[in-house]
Amino acid sequence: MSHVLVVDDEPALLRTLRINLQARHYSVLTAATGQEALDSAGQAPPDAIVLDLGLPDFDGVDVIHGIRSTLTVPIIVLTGRADIEDKLRAFDAGADDYVTKPFVVDELLARLGAVLRRPLGGLPTAPEPSARIGPHEVDLGAGTITGPDGPVRLTPTEWKILTLLLADPGRLVPGKQILTEVWGPDAEGNGNYLRVYFSSMRRKLEPDPGRPRHLITEPGIGYRFQP
């Protein structure tokens with residue numbers, strides 16, 4: 001049973017999350033302030049933390065810094081702040097994922113499950129030899145994708161990008177990291193490459209390319225594969 005610490009100053013939201021998490025067999029502790037969160041994490045380190053940024057005593061980013069000084073547990077930010085600057089500050093401090101309110105509980109639980117499947121230390125593993133992207137079956141060993149209408153062909157570059165995303169389902173992969181690993185360090189400023197390739201990949205793999213469910217963009221930050 002995974003132990004989750006939920007930090008938010010809204011009592012109704014804490015109750016809702018506690019009920020939903022316990023229904024899925026998580027052990028749950030809650031905190032309403034940043035200090036309570038730091039004390040709880042220090043006394044009984046959780047397996048994951050769901051953290052609001054708008055706390056009554058500390059800014060949530062400062063709480064992330066405090067937790068990161070001693071723990072490497074996954075941190076999912078759950079907040080009403082949707083500005084790109086807030087997202088960048090949270091990720092720079094050490095957040096693993098970022099969900100804005102209002103939110104869908106099932107999506108939050110899916111992201112929680114994804115970060116908990118990551119290895120200790122937060123390092124990605126090699127991708128599983130097979131994976132599913134909606135109705136498409138991906139066989140990484142054979143280098144094939146099969147969909148409802150038969151084989152789907154990706155370019156070598158698309159395969160490199162997809163392999164990076166599949167290595168750590170649910171985790172945000174910064175755009176600069178993809179550019180560096182696929183095209184080299186001189187390509188860091190060429191974000192237009194990614195827009196072109198992700199548009200092509202979505203046409204091939206998403207049922208509705210205009211509303212992707214699996215190849216997700218976090219504008220200005222990076223991309224993720226959402227199972």
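**Two crossing helices**

The axes of helix α6 (residues 156–166) and helix α7 (residues 175–183) come within 10 Å and cross at roughly 130 degrees, where axes are lines fitted to C-alpha atoms over the stretch in contact, angles run from 0 to 180 degrees between N-to-C directions, and helices are DSSP runs of H or I with at least four residues. This is a predicted model, in which local features need pLDDT of at least 70 and side-chain atom pairs count only at pLDDT 80 or more, while totals for chains, interfaces and linings use all residues. Residues are numbered from 1 along each chain as its sequence is written, and side-chain values use heavy atoms, with hydrogens and water left out.

In α6, Thr157, Lys160, Ile161, Leu164 and Leu165 meet Ile178, Glu181, Val182 and Trp183 of α7, contact meaning heavy atoms within 4.5 Å.

**Helix α4**

Which residues of α4 (residues 84–93) are buried? They are Asp86, Lys87, Ala90, Phe91 and Ala93, buried meaning under 20% relative accessible area and exposed over 50%, with partly exposed in between, for a 1.4 Å probe and protein chains only. On the other side of α4, Glu85 and Asp92 are exposed. The cover over the buried residues includes α3 (60–68), β4 (75–79), β5 (97–100) and β11, strands being DSSP runs of E with at least two residues.

**Glu218**

Glu218 lies in strand β11 (residues 215–218) and is buried, at a relative accessible area of 8%. Leaving aside residues up to four places away in sequence, Glu218 touches Lys87, Tyr98, Arg111, Leu172 and Arg224.
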